[in-house]
Amino acid sequence: MNTRSRAPAAAAPNPTGMIVEAITAAIVEHRLAPGAKLTEQTLAGIYGVSRTIVRQALFQLARDQLVTLEPARGAFIAAPSVEEARQVFAVRRHMEQYLVEVFCDKATEADFRALRDHIAREQEMVVRTDVRGRTRLLGDFHVSMARLVGLDVLAQMLSELISRCALITLMYQSSRAAQHSSQEHAAILGALEARDAPRARSLMEQHLVATEDSLLYHPRTAGADLREALGHGAR
């Protein structure tokens, strides 16, 4: 009897996850433009999988709001509204002035430490070029501020507002702009720790304006050919 232990078999690659990651990367890297059509048959041919697998990937991307599924028309890369994003930032500028005032008044050393840790994670994601990770953390910085000082209603409202323009940020914010955004968070935190509310308000206003301005409000001219855009992931 062979008593030697066998090494566990390597986990088989998840084809659905592979397609999701490949399309997400193509969106972030602007190889697929907003509104580009995703044809099931073409994707199935690129990755050597069934259309059922492709459909599962498209459903997951739709759940993440990266893809829109239209009856009788098919799947398309989401095309977020620039005007909606502008409105979101206009509302946020008003809300976060109040947030800064309350945070300066109520924050404890533990709250400041939590934000310092948050900024460290942001920087890590920027260095790793983890676009989805950095987009989430850069938005969560503002939500975390509200939650730390007990402004739960404001935190929920900010979370909803940020999610409405997160896709446009994911698609259009460059790594350099994301780095600047995280650095601006650090400057805001410095003013908060000094209990300098006027300076913190001013920095927050400048930060939100700069973040909005950093988004490239222009249609992408990436090619619509799926095989070319996703060729790096084809078998």
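User: Which element gives the most to the lining of the largest pocket?
Analyst: Helix α7 does, with 9 residues. The model is predicted: local features need pLDDT of at least 70, side-chain atom pairs count only at pLDDT 80 or more, and totals for chains, interfaces and linings use all residues. Residues are numbered from 1 along each chain as its sequence is written, and side-chain values use heavy atoms, without hydrogens and water.

User: What makes a residue part of the lining, and which residues lie nearest the centre of the largest pocket?
Analyst: A lining residue has an atom within 4 Å of a pocket point; on a 1 Å grid over the protein atoms alone, a pocket is an open set of points where a 1.4 Å probe fits, with protein on both sides within 12 Å along at least five of seven lines. Here 20 residues line the largest pocket, and Gln-65, Ile-162, Ser-163, Ala-166 and Leu-167 lie nearest its centre. Two elements give two or more residues to this lining: α6 (131–148) and α7 (152–172). The space in the largest pocket is about 510 Å³, a volume filled by probe spheres set on the points.

User: Why are β2 and β3 called paired strands?
Analyst: Two strands pair if DSSP finds at least two bridges between them. β2 and β3 are joined by 4 bridges and run antiparallel, so they count as paired. In one of these bridges, Val-67 has Ile-77 in β3 as its partner. The two strands form a hairpin with 3 residues between them, and Ala-72 in the turn has a positive phi of about 70°.

User: Why are β1 and β2 edge strands?
Analyst: The open sheet has 3 strands in the order β1-β3-β2, with antiparallel pairing. β1 (37–38) and β2 (67–70) each have a single partner strand, so one side of each lacks a neighbour in the sheet. Helix α3 (residues 51–63) packs on the sheet, touching β1, β2 and β3; a contact means heavy atoms within 4.5 Å.

User: Where does pLDDT stay under 50?
Analyst: Over residues 3–11, for which the model has 0 contacts beyond four places in sequence. pLDDT is the predictor's confidence in each residue, from 0 to 100. Where it is low, the predicted coordinates should not be read in detail. The protein has a mean pLDDT of 85, with 88% of its residues at 70 or more.

Key:
Axes fitted to C-alpha atoms, helices over the stretch in contact; angles between N-to-C directions.
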